[in-house]
Amino acid sequence: MADQLSQLLLGVEVVPGEVDKWIWKVGGLQFFTVSSAYNLIRKDNEVVSSPVFCKLWGSKAIPSVGLLAWRVLENKLATKVNLSRRGVQLESLWCVFCGKEEESGSHLFFGCSFAWRVWCLCYRWLGILFVSHIEPKLNFDQFRLSFSSETGLVVWNTIWVGVVSEIWSHRNRLIFKGGVADVSEVFALVQVKVWSWVSTNFRSVSFSYSDWCLEPMECMRVVY
Ligand SMILES: [Zn+2]
């Protein structure tokens with residue numbers, strides 16, 4: 001380890017009096033932007049050619065949320081189990097929602113009883129029955145429905161992205177700010193955010209937010 005570090009530092013020029021800083025080398029800006037990371041991932045042929053990732057990149061979520069969903073699919077999110085594997089010492093690995101299992105990505109988003117209740121509200125809203133797979137890529141791949149238009153399918157995929165992103169946001173709120181896990185709040189935010197992404201991206205959207213909440217399938221059929 002020390003030898004490797006020495007090798008890495010060989011090419012580093014130390015400037016006395018200058019404070020160390022992180023530099024993001026992608027895009028030539030020297031600072032991180034979500035769009036540069038998003039473009040970097042999109043350029044990865046292996047990632048782009050996979051049908052699951054094609055589904056993901058076609059969604060209409062904002063880029064930062066698309067990136068988060070990609071990290072869910074690739075198990076690259078900083079879940080407690082992943083942090084522990086990277087050597088980070090944590091007080092506990094238990095899931096903040098149920099406290100019964102370790103917080104892996106598959107548990108947090110699909111296996112946890114809290115996540116399951118969020119998905120159930122979503123399925124009930126959409127009027128579907130769905131057998132949810134615990135493995136993220138399989139779950140996303142199986143979350144499908146036939147639509148006459150490609151646009152309806154894009155909105156459908158965006159709902160999945162919205163659910164995983166809101167579960168992650170809720171988990172972060174509980175860990176860093178405290179509070180009580182609230183299934184209804186997560187579901188309501190999914191409805192609001194997906195509607196806002198869709199209505200921003202498709203000029204053809206003629207349905208209101210209340211239409212979206214009451215008749216989501218009809219809205220997806222008419223969007224183009
Ligand atoms: Zn749990």
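**Exercise 1.** How are α4 and α5 oriented to each other, roughly parallel or roughly antiparallel?

*Solution.* The model is predicted.
Step 1: find the angle. Helix α4 (residues 51-58) packs with helix α5 (residues 63-73) at about 160°, and their axes are 10 Å apart.
Step 2: apply the cut-off. Angles over 145 degrees count as roughly antiparallel.
Step 3: conclude. α4 and α5 are therefore roughly antiparallel.
Step 4: list the residues in contact. α4 contributes Val-52, Phe-53, Leu-56 and Trp-57, and α5 contributes Gly-66, Ala-69, Trp-70 and Leu-73. By class, this contact has 7 nonpolar residues, 1 polar residue and no charged residues.

**Exercise 2.** Which residues coordinate the zinc ion, and what spacing do the donors follow along the chain?

*Solution.* 
Step 1: name the donors. Cys-95 (SG), Cys-98 (SG), His-107 (NE2) and Cys-112 (SG) coordinate the zinc ion at 2.1 to 2.4 Å.
Step 2: read the spacing. The donors follow C-x2-C-x8-H-x4-C.
Step 3: Cys-95 lies in the loop between α6 (80-85) and α7 (105-111), and Cys-112 in the loop between α7 and α8 (113-126), 17 residues apart.
Step 4: check the geometry. The angles among the 4 donor atoms are 102 to 116°, and the site is tetrahedral.

**Exercise 3.** What is the orientation of α10 to α11?

*Solution.* 
Step 1: find the angle. Helix α10 (residues 150-177) and helix α11 (residues 183-201) pack at about 135°, with axes 9 Å apart.
Step 2: conclude. That angle makes α10 oblique to α11.
Step 3: α10 and α11 cross in a right-handed way.
Step 4: sort the contact residues by class. The contact of α10 with α11 has 10 nonpolar, 4 polar and 4 charged residues.

Note on methods: Residues are numbered from 1 along each chain as its sequence is written. This is a predicted model: local features need pLDDT of at least 70, side-chain atom pairs count only at pLDDT 80 or more; totals for chains, interfaces and linings use all residues. Side-chain values use heavy atoms; hydrogens and water are left out. Axes are lines fitted to C-alpha atoms, for helices over the stretch in contact, and angles run from 0 to 180 degrees between N-to-C directions. Helices (H or I, at least four residues) and strands (E, at least two) are DSSP runs, numbered from the N terminus. Angles under 35 degrees count as roughly parallel, over 145 as roughly antiparallel, 65 to 115 as roughly perpendicular and the rest as oblique. Contact means heavy atoms within 4.5 Å. Ala, Val, Leu, Ile, Met, Phe, Trp, Tyr, Cys and Pro count as nonpolar, Asp, Glu, Lys and Arg as charged, and the others, Gly among them, as polar. Donors are N, O and S atoms within 2.8 Å of the metal (3.2 Å for Na, K and Ca); water is not among the atoms, so sites may look incomplete. Four donors count as tetrahedral if all angles lie between 85 and 135 degrees; four count as square planar and six as octahedral if opposite donors are over 155 degrees apart and all others between 65 and 115; anything else is irregular. A crossing is left-handed if the near helix is turned anticlockwise from the far one by less than a right angle, and right-handed if clockwise.
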